Amino acid sequence: MLKSLLIANRGEIACRIIRTARAMGVRTIAVYSDADAKALHVRQADEAVHIGPSPARESYLVGDKIIAAALQTGAEAIHPGYGFLSENADFAQAVIDAGLIWVGPKPDSIRAMGLKDAAKERMIAAGVPVTPGYLGADQSPERLAAEADKIGYPVLIKAVAGGGGKGMRRVDDAADFADSLVSCQREAASSFGNTDVLIEKYILSPRHIEVQVFGDSHGNVVHLFERDCSLQRRHQKVIEEAPAPGMDEETRAAVCDAAVRAAQAVDYVGAGTIEFIADASEGLRADRIWFMEMNTRLQVEHPVTEEITGQDLVEWQLRVASGEPLPKRQDQLEIHGWAMEARLYAENPATGFLPSTGLIEHLQLPSFARLETGVEEGGEVSPFYDPMIAKIIVHEPSRSAAIEELWEATSDVEVWPVRTNAGFLARLCLDADFRSGTIDTGLIERRGEALTIPPAPQETHLREAAAALAARPVRGVWEGAIGLRLNAAPRAEARIVDDAGQVHVVSDLMIDDGPPQDEVISFYLGEGRGYRLAQPRGTASGAAADGAILSPMPGRIIAVDVAAGDAVIKGQKLVTLEAMKMEHSLVAPFDGTVETLAAVIGGQVSEGAVLVKITAIT
Ligand code: ADP
């Protein structure tokens, strides 16, 4: 068994790997960038090496620095986690050439699966069903268009070097083919430096089914059953589960056997995932599931497989990397119960899922679920990396119990001022089609605002907040609302504008002229919302929200009803913003004069932009 391990990653996956390594008595070495100097993974590891500035391309993506850190600390092996350098065959080779153990497949296996067309060719040779389509070397637009006709519309044009949902175009009509091809090639050239494409039949009612496989250096390959990752938003997974709903034994045997053949075809060692696409228009059927691609690393959603099989896949990885055989034979692996994972992200569903970065002042995660996280209260969501806060994993005897548990867990999340998708996840758990297992990759997009726009805050929450606020001797202004915005002046009522742009009048508050304080009072209102009352040092007049009307979300100005210098009265409409396909009117918080007017009709504004500034009449 190896004795020391460098983890070439950050966040939750670095913490996850450290946990198992430590339990196995393996010394752990973290690497970190400037932004991660105080990160959890750095503190959890036995040692940590600084590898450069915050941008990943200057730190986590610089293979030489990582290998140097491993040599300098005497690490025996490197675990790449997922993302970053995990599927970089050249890096894997460099690790091996430096005399270190690479916790992953052979560089040649990574290469074999790297390009979509070559991978599909290999799979066809291995007898693995692939999505019907064209893989040819002839890339002339005429030939590609003719092949698309032959396949039959709708078709999907895919960049052979594509990844992360990029470089794909759905085409419904032959008349649009040429334009879509050009735009796909343009994206492929700029993102992947390779304009080659393949063409696939576009699967209607597609479900994303993937199979966990594992190989060792003694020639053994097993599968650990399937996961269903059909709940996606823009091709990004949101909730994953294992096993797949509606999977019968015949179909499971067919898809899992195909996955094992796929892994054997590339001489696979370590943890891998074979992704399939299923046409679920008539349920899951063995003859309607096709190979899509292989991910040659540990997957984000591996915990659901761990839960249903009772295995620790990181332990398997470390044993296999040490040269041991797989811990279990195929006939020793079974499915127990149902597991689900939700990805909690620092993002704001109400603003088109824009990442929400900054200090996490308050963080409370459900204690009854399995949590994989790399951040903690007082930590920061940095703009440099993936804004994932945690993976919330539940395991129950049945699918319905798992959904219930996941709903409770996501409803329990309290995070702010950073915004999260917790409310969105909780609403998804209540979706009738999800609950009955009638899912496909388009479900989330079809639901639209029903999932993204939170309902108005509950009356009881508002009353509690108002009572709490009224009890404080407050001088100054309301500002920096989190999930809710307060635009109110001294001696005014508190107005809360929620994520949907609705204004709620909380209470008529008498605000004392107490001594200036430098204090922040925070309230959490449930459903991923809270707000904060800031009392700036000194007088209130300099504060940004002192009569400053901020844009509650990114959008376009469609009306401006005042001019600079105008006198306005409390409640008067100032500016109308169009965002999320809705109009939001912003009104004067108190009587005053328009001091500055920054809003222009037709102008695009970002969240928090100052649109109008009102000076109170004194
Ligand atoms: P990437 O490598 O960019 O992740 P994939 O080939 O894995 O691309 O496809 C990503 C997603 O696109 C899949 O999960 C599925 O939702 C959708 N998709 C891929 N191929 C097809 C297809 N032939 N028909 C319909 N949807 C598809």
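## Ligand contacts

A polar contact is a pair of N or O atoms within 3.5 Å; within protein, one must be able to donate a hydrogen and the other to accept it, and residues adjacent in sequence count only if both atoms are side-chain atoms. In this predicted model, local features need pLDDT of at least 70 and side-chain atom pairs count only at pLDDT 80 or more, while totals for chains, interfaces and linings use all residues. Residues are numbered from 1 along each chain as its sequence is written, and side-chain values use heavy atoms, with hydrogens and water left out.

Gln232 puts a polar side-chain atom 3.2 Å from an oxygen atom of the ligand. Glu275 has a side-chain N or O atom 3.5 Å from a ligand oxygen. At Lys201 the backbone is involved: one of its polar atoms is 2.9 Å from a ligand nitrogen. The protein buries 95% of the 550 Å² that the ligand exposes when taken alone. Such accessible areas come from the Shrake-Rupley method with a 1.4 Å probe; for residues, only the protein chains shown count as cover.

## The shell around the ligand

The shell holds 22 residues, and Lys116, Lys158, Gly165, Glu200 and Ile203 come nearest. A residue is near a molecule or strand if one of its heavy atoms lies within 4 Å of it. By type, the shell divides into 6 nonpolar, 9 polar and 7 charged residues. Here Ala, Val, Leu, Ile, Met, Phe, Trp, Tyr, Cys and Pro count as nonpolar, Asp, Glu, Lys and Arg as charged, and the others, Gly among them, as polar.

Domain 2 (132-201) and domain 3 (206-452) each give the shell at least three residues. These bounds come from an automatic or database domain assignment. At least two shell residues come from each of strands S7 (155-159), S9 (197-201), S13 (270-279) and S14 (289-295). Helices (H or I, at least four residues) and strands (E, at least two) are DSSP runs, numbered from the N terminus.

Two strands pair if DSSP finds at least two bridges between them. S6 and S9 run antiparallel and share 2 bridges. Gly133 stands opposite Glu200 in S9.

Another open sheet of 4 strands has the order S29-S36-S34-S31, again with antiparallel pairing. Its edges are S29 (548-550) and S31 (567-568); each has a single partner strand, so one side of each is left without a neighbour in the sheet. S31 joins S34 (residues 592-597) through 2 bridges, antiparallel. Ala567 has Thr593 as its bridge partner in S34.

## Strand S22

S22 (residues 388-396) is largely enclosed by the rest of the structure, because 7 of its 9 residues are buried. Buried means under 20% relative accessible area, exposed over 50%, partly exposed in between (1.4 Å probe, protein chains only).

S22 runs antiparallel to S15 (residues 338-345), with 8 bridges. Tyr345 stands opposite Met388 there. S20 (residues 370-373) is also antiparallel to S22, with 4 bridges. Arg370 is the bridge partner of Ile393.

## Helix H11

H11 (residues 313-321) has 7 of its 9 residues buried, so it too is largely enclosed by the rest of the structure. Among the buried residues are Leu313, Trp316 and Val320.

Asp312 caps the N-terminal end: a side-chain oxygen lies 3.0 Å from the backbone nitrogen of Val314. Just after H11, Gly323 takes a positive phi of about 95 degrees.
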